[in-house]
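Here's a quick briefing to read with the model open beside you.

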Amino acid sequence: MQADFFDDDPHQPLFLQLAMTDGDVRYYPNWLTLTDAERYLQDCQKALTWSQDYIKIYGRDVKIPRLQSWIGDPEAQYTYSQLLMTPLPWQAPVTEIRHLCETTTGVKFNSVLANWYRDGQDSMGMHSDDEPELGPQPTIASVTLGEPRKFIFKHKKTQEKVEVVLEHGSLLVMQGDTQQFWQHGINKTKKPIGDRINLTFRWVYPLTTGK
Ligand SMILES: O=C(O)CCC(=O)C(=O)O
Ligand SMILES: [Mn+2]
């Protein structure tokens, strides 16, 4: 990973600015203390309502290779991989983490997609978070709890790749034109690895009815 370290505001945690053309991605290692990261990992595993969702591929229902939970304000309805997701109400561990994300980014979030990667066979295909309800330049705050996983960016035109290992207690912030120009994802791995929970906080604009 190529990056520069930034420490321009002593009240804000240190971050690495990833070297990416047409993108603005910041990585905050050790964003949470180890004690908080451990506690949040366990609380999220226990307290969230996790579901095994399916997507349709060529008319067949295919299992998404991870567990998910969509939490947010009631109007934050979201289509993800062609699934219309109605949010579950906010609850303790994610509300606290949401406030920490808002403090670091200076942006408000009304929803979070929680992903539980149970082992190396769970993954996330390459995609951009570019659904219309996220607006043209969404800020997405992505928190990692548990097993570190390699996060891959691929430029949509040049195919350039940038990789960063997302560590326990870290925060990744994608903003500006990142979703317009880049895809991101997490590959499967044969390594025997444990659980990872990822929380991606977003602001979802309510869907208009066209009236
Ligand atoms: O698990 C991750 O770090 C990525 C999650 C993600 O890209 C998403 O939920 O859209
Ligand atoms: Mn994403």
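What follows is a short tour by topic.

This is a predicted model, in which local features need pLDDT of at least 70, side-chain atom pairs count only at pLDDT 80 or more, and totals for chains, interfaces and linings use all residues. Residues are numbered from 1 along each chain as its sequence is written, chains are lettered from A and ligands numbered from 1 in the order in which they are written, and side-chain values use heavy atoms, with hydrogens and water left out.

- Buried means under 20% relative accessible area, exposed over 50%, and partly exposed in between (1.4 Å probe, protein chains only).

- The largest pocket has a volume of about 270 Å³. Of its 13 lining residues, R149, K150, N187, T189 and K191 are the closest to the centre.
- On a 1 Å grid over the protein atoms alone, a pocket is an open set of points with protein on both sides within 12 Å along at least five of seven lines, a cavity is a set where a 1.4 Å probe fits but cannot get out, and lining residues have an atom within 4 Å of a point. Grid points are joined across faces, edges and corners, and a volume is the space filled by probe spheres set on the points.
- β12 (149–155) and β13 (161–166) each give two or more residues to the pocket lining, and β12 gives the most, with three. Strands are DSSP runs (E, at least two residues), numbered from the N terminus.
- β12 and β13 run antiparallel, joined by six bridges; strands pair if DSSP finds at least two bridges between them. R149 stands opposite L166 in β13.
- The two strands form a hairpin with five residues between them, and Q159 in the turn has a positive phi of about 65°.
- On β13, V162, V164 and L166 make the covered face, while K161, E163 and V165 make the uncovered one.

**Largest cavity**

- There is one cavity of 30 Å³ or more, and the largest cavity has a volume of about 120 Å³.
- Of the 16 residues lining the largest cavity, M124, F151, H184, N198 and T200 are the closest to its centre.
- β16 gives the largest share of that lining, four residues.

**Positive phi spots**

- Most residues other than glycine have a negative phi.
- D22 has a positive phi of about 60°, sits in the loop between β2 (15–18) and β3 (24–28), and is partly exposed at 37%.
- Y58 has a positive phi of about 45°, lies in the loop between β4 (54–57) and β5 (60–63), and is exposed at 85%.
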